[in-house]
Amino acid sequence: MSVAVQHISKKFGAFPALNDVSLKVRTGELLALLGPSGSGKTTLLRVIAGLEIPDDGQVLFEEEDVTEKSAYERRAGFVFQHYALFQHMNVFENIAFGLRVLPRKKRPDAAKILARVTELLGLIQLDGYEKRLPSQLSGGQRQRVALARALAIEPRVLLLDEPFGALDAKVRKDLRKWLRHFHDQTHLTSLFVTHDQDEAFELADRVVIFNQGQIQQIGAPCELRENPQNDFVREFLEV
């Protein structure tokens, strides 16, 4: 499913977090939003998710205007940097949470929830971990559980905010490879925010470079390095 934002602007008080941003994410694409802290990338991700309301502009899911729709209605899976798992729930219940809180008419029965969670445990390579608490998992395992929880509702798009930012370098590198492999299996349209250039360039099909609430350049990693379009991109990428 394609995702587009058209002329999105968003202020927090007098601070312009986003200034007339337009972007289209292709169906099945893995897109990175890259830039320095405060450049607007996380705000854009939250606007797409429905967690922030833009001051101006539109958000489109497959040509459908979802700007006025809630996060629930958009069915966007969101993965936070610090996992946001429920510490008192085991792995199974964390993954099942989004299914259990669906409206009664849409809520699957116990057998379907079991099947869906079991399927996701296999997908994130954590079979047999369903009874463990988050405190009994490594950081990388917790992040995979957070991903499975976002996927449980069968989202139309997957959004990840600095998904590896809380992990150490080795775990982060391993999870990058895992996420790329996972995306190649699922082909789910996905956007992730990062300030790590290596992460963006290793993982993404295309990279969007932000600065001061505006898009500076969009392109495949090799295009950005070979043909930076302005001084900011050139200095930011050190090319």
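**Entry 1, the model.** I worked from a predicted model.

**Entry 2, strand 3.** I looked up burial along residues 30–34, which form strand 3, and found five of its five residues buried. I then sorted them by face. Leu30, Ala32 and Leu34 lie on one side, Leu31 and Leu33 lie on the other, and both sides are covered.

Next I asked which strands pair with strand 3. Strand 8, residues 190–194, runs parallel to strand 3 and is joined to it by five bridges. Within that pair I noted Ala32 opposite Phe192. Strand 9, residues 206–211, is also parallel to strand 3, with four bridges between them. Here Leu31 stands opposite Arg206.

Helix 1 covers residues 41–49, and I found seven of the nine buried. The buried set is Lys41, Thr43, Leu44, Leu45, Val47, Ile48 and Ala49. I checked the residue just after the helix as well: Gly50 has a positive phi of about 90°.

I recorded a volume of about 630 Å³ for the largest pocket. Its lining counts 20 residues, and Ala76, Gly77, Gly98, Arg149 and Ile153 are the ones nearest the centre. Helix 2 (71–74), strand 6 (76–79), helix 3 (91–100) and helix 5 (139–151) each give two or more residues to that lining. I sorted the lining by class and got 15 nonpolar, two polar and three charged residues.

How many cavities of 30 Å³ or more does the structure hold? I found two.

The largest cavity has a volume of about 40 Å³. I listed its lining as Gln143, Arg144, Leu147, Leu160, Pro163, Phe164, Leu175, Trp178 and Leu179. By class I have seven nonpolar, one polar and one charged.

The second largest cavity comes to about 30 Å³. I noted Leu30, Leu158, Leu179, Phe182, His183, Thr186, Leu188 and Ser190 around it. Helix 6 gives the largest share of this lining, four residues. The classes are five nonpolar and three polar, with no charged residue.

Notes:
Residues are numbered from 1 along each chain as its sequence is written. This is a predicted model: local features need pLDDT of at least 70, side-chain atom pairs count only at pLDDT 80 or more; totals for chains, interfaces and linings use all residues. Side-chain values use heavy atoms; hydrogens and water are left out. Buried means under 20% relative accessible area, exposed over 50%, partly exposed in between (1.4 Å probe, protein chains only). Two strands pair if DSSP finds at least two bridges between them. On a 1 Å grid over the protein atoms alone, a cavity is a set of points where a 1.4 Å probe fits but cannot get out, and a pocket is an open set with protein on both sides within 12 Å along at least five of seven lines; lining residues have an atom within 4 Å of a point. Grid points are joined across faces, edges and corners, and a volume is the space filled by probe spheres set on the points. Ala, Val, Leu, Ile, Met, Phe, Trp, Tyr, Cys and Pro count as nonpolar, Asp, Glu, Lys and Arg as charged, and the others, Gly among them, as polar.
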